[in-house]
Amino acid sequence: MEQQQDLQKRLLLALVLSFAVFILFDMFNPKTPKNIDNNSTETKLAQQAPNTISTETPQITTESTNSKPAMGGNAPVSITKSITIVKSDRFVYSIDEIGRISQVKLLEDKYKYEGKALELFNPKWVKPLEIRFAEQKLNSEALKTPYTASVSSINLNDGNAKELILTQKLSSTTVIKTIKFYKDGHYDLDIKLSNPKPYFITTGQRPDADHTRYMVVSGAMVRSVNGTTKIIEDGDAEGSPLFPNSKFTASFDRYYTSILYDFKNLLNVSYITTPESNALMFVEGKPSMQIHGYIGPKEYKVLHSIEPELTEAIEYGWFTFLSKPLFRVLYWLDNHIGNWGWSIIILTLLIKLLLFPLSYKGMMSMQKLKDLAPKMKEIKERYKDDSQKMNMKMMELYKKHGANPMGGCLPMLLQIPVFFALYRVFLNAVELQGAPWILWISDLSQKDPYFVLPILMGASMWFQQKITPNTVTDPMQQKIFQWLPVVMTIFFLTFPSGLVLYWLVNNIFTIAQQYVINNAYEKHKVAQKLENKK
């Protein structure tokens, strides 16, 4: 049983250290943008067309297939002049001369960066709706030949969808793109070729609009017909694999995404690996093709209203399996309360209530272990030369008094994945960007500007330690736990204030819970003494 006690101590210490490592990893190993050199990825990839899907795939309608990417000349894409501007009260799209959505500006205040409208795309990266032909010569020609536009300006503020017709006349075919824009950021795309040629259309490289130093997942994804999602993180792309019969493909960063989707006529998707080992996603085209797209923030409400399954484009990294349901509970609460801060507090209470039976048993065990400490010490001294007998006596002692040396660990073990999952929610949920709580907390996705919440969190952790029975006897471990509130306060200084609010409220509820259990245990001891007297 001494081994069990040592295991409990080691487990608690391991949890603390693993927590510290996780946080330090996020703080000091931030995501680093893939900077583009003077040649640029756009230049290097401009002439490259992805592998086509095998002719055995039922979606193929092109006249031929190629097993290797076609390469054109070495000239970069130099045509970047905007020929059409699409405006709404939420965004502005710029359409350039080679028929791409070359830039998206978000106009809402919460998305502004350095006081200006946020631009989603890196000017040097490949843009959405760029077409690549499999035929080398035609591909090179297409990237140099400008489109003509049916209109130079579109305004979506009246709420009605508007069409733009883009026409490109090439030597062997004419390309007509008809794009119907909607106010929520999605669009319908119709592509027709006068003379069928194998081609591909891209989501473009991922948005490059995250200016924070948090380590978040960014890259590309493919959603297959069987409901599985393949994530290709930046730096992990290899080769040019094929994903036949897909529902959608997306490129994304922390908050924003570019998606091509079709849930009725499934897509054949592939990607090119960039020089930085990132994935540039492509959908195989047809001579006459209808497809849909979305560019903008990964807002759950917007994506769900377009197509519920598009919400799968919202990704939280390792803890997605737990982060998604927690976010949906928060989202439901916010819809009824109207404030994300109060929603976080209610969610914390719900989690505490859910874990209360386990917490109650664990805290009661710690109380009993505290009272049994003198007897445990006596057994250790009496049987210090006979570990087997000592463990047997310890087992008898625990069994007699209903104490479980591991009981205090389980509630903590359950709290850790919940904390990490919420950490990812507060980092990745765009709804929390610019979401206020009260007073000085004007953005729950950012750190507390005055560090009030982290300091209160540290103070509550210190007070919680004072009223919690201490079963740790090792001096080194005692010092570690005594300094833990200080260390945690330092960690939490730069955390999203929504996460610090959760942990602060969790501590306050735990303190209240400890008082209730301490009182219940005192009553239990009094009742036990009276029973023993009888």
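Colleague: What makes D190 and K192 a salt bridge?

Modeller: The closest N and O atoms of D190 and K192 are 2.8 Å apart. A salt bridge needs a side-chain nitrogen of Lys or Arg within 4 Å of a carboxyl oxygen of Asp or Glu. D190 and K192 therefore qualify. A note on the source: this is a predicted model, where local features need pLDDT of at least 70, side-chain atom pairs count only at pLDDT 80 or more, and totals for chains, interfaces and linings use all residues. Residues are numbered from 1 along each chain as its sequence is written, and side-chain values use heavy atoms, with hydrogens and water left out.

Colleague: Why is D190 called buried?

Modeller: The relative accessible area of D190 is 17%. Buried means under 20%, exposed means over 50%, and partly exposed lies in between (1.4 Å probe, protein chains only). So D190 is buried. K192 has 39% relative accessibility, so K192 counts as partly exposed.

Colleague: Which residues do salt bridges with shared partners join into one network?

Modeller: R223, K247, E309, E312 and K324. The structure holds 18 salt bridges.

Colleague: Why does the pair of E299 and R90 tie together parts that are 209 residues apart in sequence?

Modeller: E299 forms a salt bridge with R90, and the closest N and O atoms are 3.3 Å apart. E299 lies in the loop between β18 (288-297) and α4 (300-306), and R90 lies in the loop between β1 (82-87) and β2 (91-96), so the pair ties those parts together. Helices (H or I, at least four residues) and strands (E, at least two) are DSSP runs, numbered from the N terminus.

Colleague: Are E299 and R90 buried or exposed?

Modeller: E299 has 15% relative accessibility, so E299 counts as buried. R90 has 19%, so R90 counts as buried too.

Colleague: What makes D96 and R100 a salt bridge?

Modeller: Their closest N and O atoms are 2.9 Å apart. D96 and R100 are both buried.

Colleague: How do you know that Y423 and F495 form a tilted pair?

Modeller: The ring centres of Y423 and F495 are 5.3 Å apart, with 40 degrees between the planes. Rings of Phe, Tyr and Trp (its six-membered ring) pair if their centres lie within 6.5 Å; planes under 30 degrees apart count as stacked, over 60 as edge-to-face and the rest as tilted. Y423 sits in helix α8 and F495 in the loop between α10 (475-492) and α11 (497-533), 72 residues apart. Both residues are buried. The count comes to 19 aromatic pairs. Ring pairs also link Y300, Y316, F327, Y331 and W340 into a cluster.

Colleague: What makes a nonpolar core, and how many residues has the largest?

Modeller: A nonpolar core is a set of buried Ala, Val, Leu, Ile, Met, Phe, Trp, Tyr and Cys residues joined through side-chain atoms within 4.5 Å. The largest has 60 residues, and I259, L422, F492 and Y502 have the most contacts inside it. Helix α8 (residues 409-428) gives the largest share of this core, 10 residues. Apart from it lies another core of 51 residues, including V86, L129, L164 and A209.

Colleague: Why does V329 count as partly exposed?

Modeller: V329 has 33% relative accessibility, so V329 counts as partly exposed. The place of V329 is in helix α5.

Colleague: Which residues form the nonpolar patch on the surface?

Modeller: V329, I337, W342, I346, L349, L350 and L353, with about 570 Å² of accessible area together. α6 gives the most, with 5 residues.

Technical notes. Patches are made of residues with over 30% relative accessible area and no salt bridge: like charges are joined within 9 Å, nonpolar side chains (Val, Leu, Ile, Met, Phe, Trp, Tyr) within 5 Å. Accessible areas come from the Shrake-Rupley method with a 1.4 Å probe; for residues, only the protein chains shown count as cover.
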